[in-house]
Structure formats: C-alpha cells, structure tokens
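Trainee: I would like to work through a ligand site and some aromatic rings. Can we take them in turn?

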Amino acid sequence: MEGLFSRFFYFSRDSLMCENIPVSDIVKKTGTPVYIYSKSAILEKINQYKEAFKDYPTLICYAAKANSNISVLKIFQENGLGLDIVSGGELYRGLKAGFNPQKIVYAGVGKTDEELKQAIEAGILSFNVESLMELDVLDSIAESLGKKANVSIRINPDVNPKTHPYISTGLKKSKFGIDMEDALKAYRTASKKKNLNIVGIHCHIGSQIMDVSPYREAVEKTVELVFKLKKEGINLSHIDIGGGLGIKYRPEDSPPSPQDLAEMVIPIVKETGLKLIIEPGRSLIGEAGILVSQVLFLKDKGEKHFIIIDAGMNDLLRPAVYNAYHHILPVEKKGETVTADIVGPICETGDFFAVDREIDNVSRGDYLAVMSAGAYGFSMSSNYNSRPRAAEILVEKDSFHTVRKRETYEDLIKLEEEVM
Ligand SMILES: *Cc1c(COP(=O)(O)O)cnc(C)c1O
C-alpha cells in the first residue's frame with residue numbers, strides 16, 4: 001500500500017508499519033512514549049540530496065540540532081556528510097560520532113570562550129561568526145592557543161522566508177548574523193586579524209520553508225557580496241546557504257525537494273566558482289521519525305471530546321511553541337472516527353497535539369502515532385513535570401534497535417544534591 005508520508009510508514013491491512021515491522025510490535029516491547037526512526041527513510045533523503053547536488057562541489061552538513069542522537073549522527077557521518085553545529089555539546093557529539101572536523105561548521109550568536117576554544121583545538125572547517133565582537137574574541141583565543149581559526153561571516157540578507165516568525169532567522173530585526181551594510185566592514189576587520197583565516201560566507205534564512213524563491217534572493221545578495229570582497233582582495237573558498245527546506249506535516253503538503261533547491265541556487269553560486277555548503281536538518285530526518293503514544297483516558301466535556309495520551313509537550317514541544325500541525329494516525333486502524341482534542345498529561349493548557357481533529361475512534365490502551373516527528377522532537381524534549389524522557393528506536397528493514405534508553409526516575413535526580 002502507498003505510504004502516507006513516505007514509503008517507510010504505511011498501513012499493511014489495518015496496521016501501521018515502519019519499514020517491515022508493525023509499529024505495534026515495537027511499542028509492545030519498548031513501552032510508550034517512544035520515538036521511532038526509519039533508517040531507510042533517512043538514507044533515502046541523504047541520497048536525494050546527494051543526487052540533487054552531485055554536479056556541483058557541495059558539502060552537505062547535517063544540522064545536528066534537528067536530531068542529535070549519536071546513532072543518527074553516525075548515519076550521516078558514514079554517508080560522507082559534514083555537520084552543522086550550534087554548541088560545544090554538538091561538537092562533542094559530532095566528534096564522538098566520527099565526523100572529520102574539516103567537515104564541521106559552527107554557527108550561533110552566543111558561543112562561549114570554552115566552546116570557541118574547543119572548536120579551535122578540534123580544527124573545524126568554519127566558525128560562522130555572527131558579530132564583530134565574536135571576531136575579536138575568536139582572534140584572541142586563537143592567538144592564545146597558537147592556532148588559526150577558519151571564519152565565515154554569517155550575513156543577514158534581510159529576506160522573508162515566509163515561515164513561522166520564531167523560525168525566521170534572516171530578517172534584519174532578528175538577532176542572527178551581521179547586516180549586509182556591516183558585512184564588508186566585518187570582512188575587512190577579519191582580514192587584518194593575524195589568527196583568523198577567512199574561508200567563506202554564510203547565511204541561513206529560516207526553517208520549514210515551503211517555497212524556494214526566498215533562497216534566490218538570499219543567495220543573490222550573498223553572491224553580490226562575494227564579488228565586492230573579491231574586488232578588495234578578499235577571496236573566499238565557499239558559500240554556505242544554510243538549511244531550512246520544509247517537510248510534509250500534513251498529507252496534502254508538497255514541500256520543495258532537494259532538486260528544487262539545487263536548481264534554484266546552483267546557477268547563482270556557479271558564477272563565483274566557489275564551493276557550496278548546505279545545512280539541511282529537518283528535511284533529512286523530520287519525516288523519518290514518529291512519536292508513538294498510548295491512549296490513557298477518554299473524556300467528554302459537553303461538546304468537547306478529549307483523548308488523553310501518555311506523551312506530552314515535554315516529549316514534543318512543537319505544537320505548544322509553534323502551534324505546529326502534526327498528523328496523527330492510529331497504530332491499528334478503527335472503523336469509525338470521532339472529532340477530538342488529543343492532549344498530553346502535563347499541567348499546561350498548551351499541552352496539546354491536535355485540536356478538533358477527526359481521528360479513529362480509539363479506546364483506552366490503543367496507540368497513536370504522531371507523524372513527522374523525527375526533527376526537533378526528541379532534541380527539544382525536557383523533563384518538565386519530572387517526566388523521564390522517551391526512548392528512541394532505530395528501525396532498519398526487519399530489525400530495530402534501542403538507540404537511547406528510556407530515562408528512569410533515578411536519572412531524573414542523579415545530578416541533584418540533597419542539602420540538609
Ligand atoms: C537550525 C539551523 C539549520 C537547519 O535548519 P533546518 O530547518 O532544520 O534545515 C541550518 N543552519 C543553521 C545555522 C541553523 O541554525
């Protein structure tokens with residue numbers, strides 16, 4: 001049967017499958033809530049990106065913050081991708097997963113001295129620098145270590161990616177990057193620093209972008225700056241256009257493909273002859289994961305019908321913070337449907353997964369799958385309400401492995417000290 005979201009999550013008769021395994025077989029062993037990722041789905045996305053960019057020298061740096069499980073990172077590492085990081089913790093994970101530091105790029109408006117130091121020592125491909133002050137600090141830390149740091153300036157092209165305001169990062173009013181007018185000055189400053197190597201230019205305009213046209217504007221502005229720099233004798237090796245490609249959250253969504261992105265940006269970047277870096281996160285892993293939860297209670301309040309499940313906003317924050325839509329499917333299909341709010345157990349009104357949703361008429365004990373939860377799912381999860389974080393499972397064909405155990409109550413308090 002045709003998959004609803006990808007070939008890897010589909011119904012066989014009335015049972016939701018992940019690759020060749022019924023999801024119910026997995027969750028009966030692992031318990032709930034549980035994140036389930038399809039390795040084949042991830043590999044398919046990697047191949048789509050590689051295929052789309054194969055005719056132009058491109059380094060694909062997976063954005064670790066979308067899903068930073070070591071086993072997930074290893075899949076990208078083993079397939080030749082680089083890594084886009086935003087913290088020292090992600091650097092640590094990336095090195096553990098075996099990434100070559102020469103394939104790691106590091107963005108972020110607030111890197112600490114310790115984080116800068118560790119990344120200089122690792123010898124990463126590029127610090128994507130977001131302020132003039134960061135340039136100064138990076139130069140002096142590099143000097144104290146007797147090393148040189150590779151830098152790109154993250155410019156802010158002031159384009160609207162037409163996505164949720166919280167995930168728009170390339171507008172002038174946002175905290176990210178350096179405005180176009182100041183970028184030239186930043187490069188001139190950087191070129192005078194003895195301990196900095198200028199290697200590239202970076203921008204990242206936002207996330208869940210459903211139309212590739214904003215990329216054109218951003219890349220055109222970036223290329224314009226590359227030529228201005230060249231005139232001043234500042235030569236770069238790469239252009240990094242960030243990530244942001246959208247994915248399918250609703251069955252009817254048709255996000256742009258890596259091919260659409262490649263066709264839009266390569267002709268523009270080509271004029272410079274520079275290497276290309278892209279930093280996809282969500283589009284590599286989002287559709288490859290689901291969050292499965294068990295129905296705890298059903299409750300009627302007059303007009304409203306509630307389905308209360310054992311996953312909460314601590315497990316998947318996106319509906320609460322972005323009012324994001326996630327499609328929800330029964331793990332075993334029922335004949336009839338109801339209209340209900342699907343909510344978690346947490347003491348917050350924002351703890352919902354769906355409002356007034358038509359859904360199979362599930363009973364206590366049944367399982368529901370929240371689709372397209374592979375990106376910004378587990379990685380944004382917390383222990384709010386003292387809830388141990390969910391387990392993570394990686395499926396490949398006929399087998400599955402736990403890639404993160406469910407946390408225990410002891411885990412919740414293990415770093416705490418009792419003061420008498
Ligand atoms: C978050 C982020 C990405 C990845 O964005 P996606 O929308 O997940 O593709 C890429 N680059 C930078 C600098 C980021 O902060």
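This is a predicted model: local features need pLDDT of at least 70, side-chain atom pairs count only at pLDDT 80 or more; totals for chains, interfaces and linings use all residues.

Trainee: Which residues come nearest to the ligand?

Mentor: Around the ligand there are 14 residues. The shell divides into 4 nonpolar, 6 polar and 4 charged residues. Those that come nearest are Lys-65, Ser-207, Glu-279, Arg-282 and Tyr-376.

Trainee: How far is an oxygen atom of the ligand from an N or O atom in the side chain of Tyr-376?

Mentor: The cut-off for a polar contact is 3.5 Å between N or O atoms. A ligand nitrogen is 3.0 Å from a side-chain N or O atom of Asp-84. A ligand oxygen is 2.9 Å from a polar backbone atom of Gly-281. For the side chain of Tyr-376, the distance from a ligand oxygen is 2.6 Å.

Trainee: How much of the ligand's accessible area does the protein cover?

Mentor: On its own, the ligand has 390 Å² of accessible area.

Trainee: Why is the pair of Tyr-35 and Tyr-37 called stacked, and not tilted?

Mentor: The structure holds 5 aromatic pairs. In this one, the ring centres are 6.2 Å apart. Planes under 30 degrees apart count as stacked. The planes of Tyr-35 and Tyr-37 are therefore stacked, at 25 degrees.

Trainee: Which residues do ring pairs link into a cluster?

Mentor: Both Tyr-35 and Tyr-37 are buried. Ring pairs link these two with a further residue. The cluster is Tyr-35, Tyr-37 and Phe-378.

Trainee: Are Tyr-49 and Phe-53 buried or exposed?

Mentor: These two form a stacked pair, 6.4 Å centre to centre with 15 degrees between the planes. Buried means under 20% relative accessible area. Tyr-49 has 2%, and Phe-53 has 3%. Therefore Tyr-49 is buried, and Phe-53 is buried.

Methods:
Residues are numbered from 1 along each chain as its sequence is written. Side-chain values use heavy atoms; hydrogens and water are left out. A residue is near a molecule or strand if one of its heavy atoms lies within 4 Å of it. A polar contact is a pair of N or O atoms within 3.5 Å; within protein, one must be able to donate a hydrogen and the other to accept it, and residues adjacent in sequence count only if both atoms are side-chain atoms. Accessible areas come from the Shrake-Rupley method with a 1.4 Å probe; for residues, only the protein chains shown count as cover. Ala, Val, Leu, Ile, Met, Phe, Trp, Tyr, Cys and Pro count as nonpolar, Asp, Glu, Lys and Arg as charged, and the others, Gly among them, as polar. Rings of Phe, Tyr and Trp (its six-membered ring) pair if their centres lie within 6.5 Å; planes under 30 degrees apart count as stacked, over 60 as edge-to-face and the rest as tilted. Buried means under 20% relative accessible area, exposed over 50%, partly exposed in between (1.4 Å probe, protein chains only).
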